[in-house]
Amino acid sequence: MTDESHDAIESLFTESRLFPPPKDFGRGSAMSETLYRELLVEARTDYEGFWARLARAEIDWITPFTRTLDESDAPQYRWFDDGTLNVSANCLDRHIAQRGDKPAIIFEGEPGDVRVLTYRQLLAEVGRFANALRAQGVKSGDRVVIYMPMVPEAVIAMQACARIGAIHSVVFGGFSSESLRDRIVDAQASIIVTADGGHRGGRIVGLKAICDKVVDECPSVRAVIVLKRAGNPIDWRPGRDLWWHDVVAGASTECAPVALASEHPLYLLYTSGSTGRPKGIQHTSAGYLLGTIITMRWVFDIREDDVYWCTADVGWVTGHSYVAYGPLACGATMVMYEGAPTIPDPGRFWQICERHRVSVFYTAPTAIRALKKHGDDYPRAYDLSRLRVLGSVGEPINPEAWMWYHQVIGQERCPIVDTWWQTETGVHMIAPIPGITATKPGSCTLPLPGIDADVVDSEGLPVTAPDKGGFLVIKRPWPSMLRTIWGDPERYRETYWSRFQGRYYVSGDGARRDADGYFWVMGRVDDVLKVSGHRLGTMEIESVLVAHPLVAEAAVVGRPDELTGEAICAFVVTRDPRPTGAARAARIAELRAWVGERIGPIAKPAEIRFADNLPKTRSGKIMRRLLRAVARGETVTEDVSTLENPDIIRQLGDPETE
Ligand code: PRX
């Protein structure tokens, strides 16, 4: 651990409130205190037996597996690898007899349109689209990029890929054309599935137009399938572009699920790391599916009559595990909402909860903070009495937001499950069991049964002293873990396994454990930022900034932000003299737009400061710790005598410096 990262996690923050599980929560739950204890003991005493038993119980296998874990090619771990299954059949076909007419998806568009798809209807739509993909020549193992709004067809496309063994790679609709292009090229996708546009924030996001800008630069793409969603005018390339409604028109609803090996890749999902290039996290079939199912049961306590709503977009891992797969694999009814939480007003989420009788609600701290800001009247105007479990994900939740969630949304009745996990882990790793685990605002509490998480020091030794920071690691492979980085196994090994010689999976987060063993995640120890829960690499933003013709150098750091958790602060050296006055404002606007166009609006720096140069050591290394202090508005107390140009600190510290 570098000095810098060590400082970042040596937080002295203490939160001592403890919320015991509500007394009558457990009635009707599949989980009990006894079962929970048994699971913990079983996982500890017979690790492989534990996972094998769960995999047999939870998954419908086509060919049963006989081998549980193969570690011979570590860290390319293999789980249940001689078994075959189909993930889509586990999410759809297996429910038809029992709950064919049960709503699978209750969709609400931003304009207010509502559409319900039962399991039977969803299966038929998935079958039709799977056949349509086949008719376009898509075979098992081919990559399909999905660039869609939050509409049922996004899930239908994902499930259709799973049905025929195609590997989907969903790109978040908020990413720009260039980000989309890089992902298509890296995955060598043959098909793009998109929509004319989606409704978001009262506007139409023209997804097809964004695709159009770059498809010519992606020679692997044979066809672009376009869902008509927003009805906005679009350009059309005959021969390449196909309407969704046309390709499914003649297709049969019957498409037999293909038997796929447990380790067959289910999807790629690109995420940011500490380099300039996003990495394609690769998940496989059986282990991943198992993880989504057990966490739906354990952490969300999902029951037959629940209405479950996860607000995450399918462009993020949360929208994979807890929208497209987990809830369906458990036969749950889920709400899917297309738009922004504040349209037409900040009561929209609570109105949806009332209208569709939501009982399990899962969202991000950034949304909670944003909605809290609008006051209690919005949630109080709606009937939230059906809610029974509230979840949080994506970044540490500050105790103040936690308390509001608990008191105003949960009405002090609903346990809050603060779930720690990552794109790479596939599913929840550290989280409370509602009704069993006592919670503390801001702590994700304890590792789930079978998850050997720990906090270790720079030597890899467990940090035993309470509240002392260290690296958050996972000490044994688990079924839903990533298998590799698409096309770059070396980077996989290097990023996640090299720090402790292959012994532990290194999450990149710093954490501490308190005297009760509860985990408190302190944030990233690498150059990854969490802005409104979205993961962004500082290097990615820097390389986009320096690609601007006027920029000579750039350094990007995060600073705490009340609303977005972290905010992006960029320090920029221009080729021309440092801009001042009106030129400064114009340059800021230009650079923000530049980043927005190249990565996406979420990556636009909240603040850009210009300087004559950046603080560097004599060996030429940018002093990021110093920049972080400057961005936070702290007085720089450290010795800057080793700096090449100590005066620069004053200039950087005053954003308005003329
Ligand atoms: O820093 C942690 C933070 O989000 C990172 C993973 O981001 P991503 O792969 O985009 O996945 C987000 C959805 C799982 C982690 O390394 N993080 C996620 N959940 C929490 C969290 N930090 C604190 N508490 C959490 N509950």
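These questions and answers concern a predicted model and cover its ligand, a helix and some aromatic rings.

Q: How many residues of helix α12 are buried?
A: Helix α12 spans residues 317-329 and is mostly covered. The helix also supplies at least two residues of the shell around the ligand, as do β21 and β26.

Q: How much of the ligand's exposed area does the protein bury?
A: A polar side-chain atom of Asp509 lies 2.8 Å from an oxygen atom of the ligand, and an N or O atom in the side chain of Lys530 is 2.8 Å from a ligand oxygen atom. Taken alone, the ligand exposes 540 Å², and the share of this that the protein buries is 96%.

Q: Is the pair of Phe19 and Trp402 stacked, tilted or edge-to-face?
A: The ring centres are 5.0 Å apart, within the 6.5 Å limit for a pair. Stacked planes are under 30 degrees apart and edge-to-face planes over 60. The planes here stand at 40 degrees, so the pair is tilted.

Q: How far apart in sequence are the parts that this pair ties together?
A: Phe19 lies in the loop between α1 and α2, whereas Trp402 belongs to helix α16. The pair therefore ties together parts whose separation in sequence is 383 residues.

Q: Is Trp236 buried, partly exposed or exposed?
A: Trp236 forms a stacked aromatic pair with Trp243. Buried means under 20% relative accessible area and exposed means over 50%. Trp236 has 34% relative accessibility, so it counts as partly exposed.

Notes
Residues are numbered from 1 along each chain as its sequence is written. This is a predicted model: local features need pLDDT of at least 70, side-chain atom pairs count only at pLDDT 80 or more; totals for chains, interfaces and linings use all residues. Side-chain values use heavy atoms; hydrogens and water are left out. Buried means under 20% relative accessible area, exposed over 50%, partly exposed in between (1.4 Å probe, protein chains only). Helices (H or I, at least four residues) and strands (E, at least two) are DSSP runs, numbered from the N terminus. A polar contact is a pair of N or O atoms within 3.5 Å; within protein, one must be able to donate a hydrogen and the other to accept it, and residues adjacent in sequence count only if both atoms are side-chain atoms. Accessible areas come from the Shrake-Rupley method with a 1.4 Å probe; for residues, only the protein chains shown count as cover. Rings of Phe, Tyr and Trp (its six-membered ring) pair if their centres lie within 6.5 Å; planes under 30 degrees apart count as stacked, over 60 as edge-to-face and the rest as tilted.
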